[in-house]
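Dear colleague,

Please find below the structure that I am handing over to you. My findings follow directly after it.

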Amino acid sequence: MNQEELAQLLKPIIKDEKRILTDKADLYSYSYDASFGVHLPDIVVQPKSAEEVADIMKLANEYKIPVYPRGKATSLSGGPLPVHGGIVLDLSTWNEKLEVDPEDMVAVVSPGVITADINDAALKYGFIFPPDPSSSNVATIGGILAENSGGPRGLKYGVTKDYVIGLEVVTPEGEIIRTGGRTVKNVTGYDLTKLIVGSEGTLGIITEATLRLFPKPQATETMMAVFDNIVDSGKAITKILSSGILPSKLEIMDQSTIQAVEAYEPLGLPVDAEAMLLIELDGHPAAIKEEITRVEAVCEDTGAREVQVAQTKEEAAELWRARKLVSPAIVREKPTKISEDATVPRSKIPEMFQRLKEIREKYKIDLVVFGHAGDGNLHPNIIADKRDKEEMRRVEQAVEEIFKAAIELGGTLSGEHGIGTLKAPFMEMELGAAGLDMMKRIKESWDPNNILNPGKIFPKPGQRLVLTDG
Amino acid sequence: MAELAYEATFDCVQCGYCLPACPTYLTMGKETHSPRGRINLVKMAAEGKITYDELEGPINLCLGCRACEVVCPTNVQYGKILDSAKEVIQQYKKETKKITKRAKLFQEFVFDRAIPNRKVLSTAASGLALYQKTGLQTVARKTKAINILPENLRTFEKVLPKVERKKRENHYPAKLKPKFRIGFFTGCIMDTMFYDINTKSIRLLQEAGCDVTIIKEQTCCGALQNHSGETEITKRLAKENIQAFEKEDFDYVVNSIGGCGAQLVEYDKLLADEPEWADRAKRFAEKNVDISVILSQLELPYEKEVNRVVTYQPSCHLSNVQKRVNEPLELLKSIPGITYVELPDKNMCCGSAGIYNIVNYDASMEILDEKMKHVEKVNPDTIVTSNPGCHLQMKVGVEREGLAEKISVVHLVELLAEASGIE
């Protein structure tokens, strides 16, 4: 079906024609996300109600048109890419509802609400919405839910799925259903809420969510620990956690990351150290005051050469500044950043670091490693130039080997970025043929015509990782 | 031959962190009108996937406020990409005659001859003054003769400041040993419409202990031309200004115009490819500062309280390009008697953006309406600005909301002068 025919069919569904985009400049503007590849949709629609979405899905089913839901397209795995053309459903403008109910301790939101805005609204009542991916000032809650995003606070507070208790979902066949509800406890039937969360927009389109809020911690303490030996820093992490203290954040930066940040903006970081930990505790001021001294002692016992506890809010911000500068610092020499999120069990962190070091040398790539060490969710970032085809091929091989290493160590392909297009080729490696087949059967029963976000999660036969455009 | 800044587009990793900072993305709700979208479209145009005609709309609707550059985690040079697109589009339109001969002549006249020309502008100003003084303005308004103007121009006619021009000296010596020797950059539109603010700026600098000279040979900064893709005209004006101010050994070149100042501090980038000019441009750019930078280092002779509740709408070009965020604000707060209330989302552009509010009137008014919602939240009696464009735009905003009786719009310099007893 050509674009004009499609537009004619959509016009009776979408109340305002301005929300149907057909210009070429518009189509190219919805052809990418924060990962790789440019895929042109045939049309872009900006729905504003579950009914509109349901009607679009019915239409798409009738004519077998692929539909690609999209939030703000901050995805690092290709989640919203319209790889088979068709309709992009831009849900980012549908942000009207953001209601906080302090008695039930929930927030009810439209899919286009910005994630950080939910936290801000919750704060007014003394609550927080814990999921804090680094994109939270941009990303919509719909996207965050679809990808089941994590973030630094995941260590203590868990990830997005732990805060969703109810959803309104439009199924691929155009039915509007409700899953879960407004209660923390709910065991009525299968837990479809958790199935939809993290399904990357392949099973349904989230049109409303009921989210759990959490009491705001009264205070925080921040410290930094510097290690000459990265293996020691790994020991420190496991020892802190086994000592009965659960930090709200526990971040690591390796030597190449420290050096990149220091070269970008001299902060006086220890460029000769192999690793740096940034640790944040939250809770009752008296309790964390005592706990931070214990964490300090653990770090010293495990071989930290320097430990620094922030005495003021400004000092804490200064310590976090190093972590914040990682992004601009690492793309100074070359522009392309391949951000991975392979995750391993906590005890395997030192081993994973060793494997990453070998991969860096074997493929002669620029690899820096930082991330959420407390939950084993590392971010090996490869810095390259996507115009250099030869380099990109080495990068592709290195990425493949990073995935293998994570799985061999008992970990997973993706801790928080999702599978999308990029990691689909490796699904069977982690899940096995039968495991992947069970997932596929779920997809087939929800979406018999395979029209909702097709081309994601499940690999085509012979599909390989491709990081160059085309 | 103009070229799109294709290589610079690769610095964008498409993370989307610029989206919340972009006023047009906020009001239009389309990726096409976001910084990430525009950078991608420039790349697509360079690769031949879209035409210059398809690129033009999204580029023209960019305010050029450059708020995206400040929040970009990978330091993408958005200004460079935008300017290249404007230049290429302008050139393409001339070559393909997409721009009518009359429009071309008119643009060339305005950008090349009228704005940079003191005589033309001063004639225009006299006309304006005459129009206002003779009561013609009142007559035109009362008889609705004004309605023959299109809505966009009519809107601005309402808020034009009272134009009065008293003769000004060329040299304002410091009373004691001067703290700084300053060359004052008057700007062209500023010196026409807001002549009085320039005079007050000069007097404030003098009172604060500076020796101030007004170089006659200075000309227009070239910002409006540059924003319209007329890079060659901008370069020529830049060279004239550099030459003019090189005549004397100034510590600083000072202006009270956020937008012009932004162009002046980027002369080094503008002329980077011309070996005989690059160093001179760099020296000139480094000497250029906003008046708030100098005044905040000196002591002002405050003699009376200014009892007003003020909010501050920063000039985007002062904050995002000149990177002067604290100086004007600290200066404002230092005025005796002032009560400062912070404007929510104050870093969002007001929609003025050079001549954007005239050529993209509807888009500009949507942004302004957002801005005015924020103003009403803090309920000030005065809005302080630091650029003539923002000044007029905020006056339009106040007028549109029917708040003209309640809220006045002033330049920071006017409040400082009031507190210092400078008439």
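In this predicted model, chain B and chain A bury about 2400 Å² between them, and carbon and sulfur atoms give 54% of that area. On the side of chain B, the residues that lose the most area to chain A are Phe10(B), Tyr17(B) and Glu31(B), which together make up 20% of what that side buries. In terms of contacts, 28 residues of chain B meet 31 residues of chain A.

The polar part of the interface comprises 15 residue pairs in polar contact, both residues being at pLDDT 80 or more. The elements of chain B that give two or more residues to the side touching chain A are α3 (35-46) and α4 (52-60). The most is given by α3(B), with 6 residues. By residue class, this side of chain B divides into 12 nonpolar, 8 polar and 8 charged residues.

The count of salt bridges between the two chains is 3. In one salt bridge, the side chain of Glu31(B) meets that of Arg70(A), at 3.5 Å from N to O.

I also looked at one residue within chain B. Leu26(B) belongs to helix α2, which covers residues 23-28 of that chain. Its relative accessible area is 48%, so Leu26(B) is classed as partly exposed. Leaving aside residues up to four places away in sequence, Leu26(B) touches Met348(B) and Glu370(B). Phe180(B) is 154 residues from Leu26(B) along the chain, and the C-alpha atoms of the two are separated by 43 Å.

With kind regards

How values were computed
Residues are numbered from 1 along each chain as its sequence is written. Chains are lettered from A and ligands numbered from 1 in the order in which they are written. This is a predicted model: local features need pLDDT of at least 70, side-chain atom pairs count only at pLDDT 80 or more; totals for chains, interfaces and linings use all residues. Side-chain values use heavy atoms; hydrogens and water are left out. Contact means heavy atoms within 4.5 Å. Buried area is the accessible area (1.4 Å probe) that two parts lose on being put together, summed over both. A salt bridge is a side-chain nitrogen of Lys or Arg within 4 Å of a carboxyl oxygen of Asp or Glu. A polar contact is a pair of N or O atoms within 3.5 Å; within protein, one must be able to donate a hydrogen and the other to accept it, and residues adjacent in sequence count only if both atoms are side-chain atoms. Helices (H or I, at least four residues) and strands (E, at least two) are DSSP runs, numbered from the N terminus. Ala, Val, Leu, Ile, Met, Phe, Trp, Tyr, Cys and Pro count as nonpolar, Asp, Glu, Lys and Arg as charged, and the others, Gly among them, as polar. Buried means under 20% relative accessible area, exposed over 50%, partly exposed in between (1.4 Å probe, protein chains only).
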